[in-house]
Amino acid sequence: MLILGIETSCDETAAAVVDEEGKIRANIINSQVAIHAQFGGIVPEVASRQHLKNILPIVERCLEEAGVSLADIDLIAATRGPGLVGALLVGYTFALALARGRDIPIVGVDHLQAHILAVFLGPPPHPAFPFIATLVSGGHTAIFLVRDPMDISLMGTTLDDAAGEAFDKVAKVLDLGYPGGPVISKLARSGDPAAISFPRPLLRSDDLNFSFSGLKTAVITEIKKNRGHHKTEDVCAAFQEAAIEVICAKTLAAARETGINDIVVAGGVAANPRLRRLMADTCETAGRRLFLPPADLCPDNGAMIAHGGYHTFKAQGPTDISTDVYSRAVFHET
Ligand code: KG4
Ligand code: ZN
């Protein structure tokens with residue numbers, strides 16, 4: 001079975017061909033980063049127009065690179081939500097037209113579920129169900145209990161900003177461009193995380209929620225107050241350490257609370273090398289098994305949508321196209 005995955009929920013136009021085993025035949029990502037960088041963040045209407053321009057050539061290139069044609073595709077999977085409404089509509093309706101025109105089944109995929117299941121696209125070993133999944137991206141920061149690919153429940157979430165959003169906003173104030181995560185993590189490597197002490201919001205709260213808005217404000221206030229006194233590398237390292245420490249601690253708390261051994265950290269921020277290192281050390285100390293998607297499959301991509309689509313199709317069959325494009329996420333609250 002070959003699945004064509006299409007992702008357009010934010011600022012990446014992405015397509016991939018993946019087989020039912022999770023083997024990736026082609027994975028093409030067209031990033032709009034350079035276009036949005038001039039605005040210091042994503043402009044939704046600009047994103048939709050770029051998707052419209054890119055979607056056909058990206059899908060064509062993807063099929064070509066995979067060495068297949070549409071006649072070889074058994075299932076089309078497209079991100080259904082959550083995401084930017086206009087951006088989602090472009091990918092979803094494009095996928096729908098392809099599916100209808102070629103009589104191929106189509107399935108709508110939950111973006112967050114796809115981020116989590118991306119862990120199965122990496123080489124084994126893979127986590128055993130049930131596992132704890134912490135999703136850290138530009139739009140979401142949440143902890144889930146994943147009982148099986150289609151049974152995902154929310155254990156905790158951010159009360160304000162997402163982790164990636166905090167990286168992006170801090171980078172903006174430091175004039176480091178957009179997106180902030182990759183450049184902050186690079187600069188942080190030569191900075192001293194102990195140079196400035198930033199708050200660890202909700203670190204000791206007895207729930208599994210996050211808050212990054214106060215940390216972001218503390219960093220921005222410090223930058224403005226002491227402009228010129230701190231090395232940018234130190235600000236990056238100190239901010240990154242504060243954010244990451246909370247992510248690791250809360251993830252571990254969820255594992256302890258449920259008695260679950262296997263842990264997954266996914267989403268764009270999970271590409272952060274320091275988070276990957278600290279999470280690995282934390283899990284080792286706590287006797288837990290950590291599973292991370294390969295770093296290049298952490299940010300938005302079509303392969304994760306194809307794989308998420310495979311599981312969704314297996315469990316539920318094709319998606320009823322009368323359902324809302326930006327429908328509720330697949331997970332339920334505990
Ligand atoms: O998962 P993703 O590609 O898109 C969403 O679904 O939101 O995540 C994008 C986010 C951005 O906020 C970006 O700054 C962050 O992931 N990110 C990182 C790193 N690479 C990307 N954050 C921290 N460290 C990184 N190395
Ligand atoms: Zn995402």
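Helix α10 is followed by Gly317, whose phi is positive, near 75 degrees. Helices (H or I, at least four residues) and strands (E, at least two) are DSSP runs, numbered from the N terminus. This is a predicted model: local features need pLDDT of at least 70, side-chain atom pairs count only at pLDDT 80 or more, and totals for chains, interfaces and linings use all residues. Residues are numbered from 1 along each chain as its sequence is written, and side-chain values use heavy atoms, without hydrogens and water.

**Helix α10**

- α10 covers residues 302–316, 15 residues in total.
- From first C-alpha to last, α10 reaches 20 Å, close to the 21 Å expected at 1.5 Å a residue; the expected span is 1.5 Å times one less than the number of residues.
- Eleven of the 15 residues of α10 are buried (under 20% relative accessible area, 1.4 Å probe, protein chains only).
- The buried residues include Met304, His307 and Tyr310.
- They pack against β1 (2–7), β2 (12–19), β3 (24–31), β4 (75–81), β5 (106–110) and α4 (111–117).
- Asn301 caps the N-terminal end, with a side-chain oxygen 3.1 Å from the backbone nitrogen of Ala303.

**Nonpolar cores**

- A nonpolar core is a set of buried Ala, Val, Leu, Ile, Met, Phe, Trp, Tyr and Cys residues joined through side-chain atoms within 4.5 Å.
- The largest has 47 residues, and Ile132 and Phe239 have the most contacts inside it.
- α8 gives the most to this core, with 14 residues.
- Another core, of 27 residues, lies apart from it; among its residues are Cys62, Ala78, Tyr92 and Leu98.

Notes
Chains are lettered from A and ligands numbered from 1 in the order in which they are written. Buried means under 20% relative accessible area, exposed over 50%, partly exposed in between (1.4 Å probe, protein chains only). Contact means heavy atoms within 4.5 Å. A polar contact is a pair of N or O atoms within 3.5 Å; within protein, one must be able to donate a hydrogen and the other to accept it, and residues adjacent in sequence count only if both atoms are side-chain atoms.
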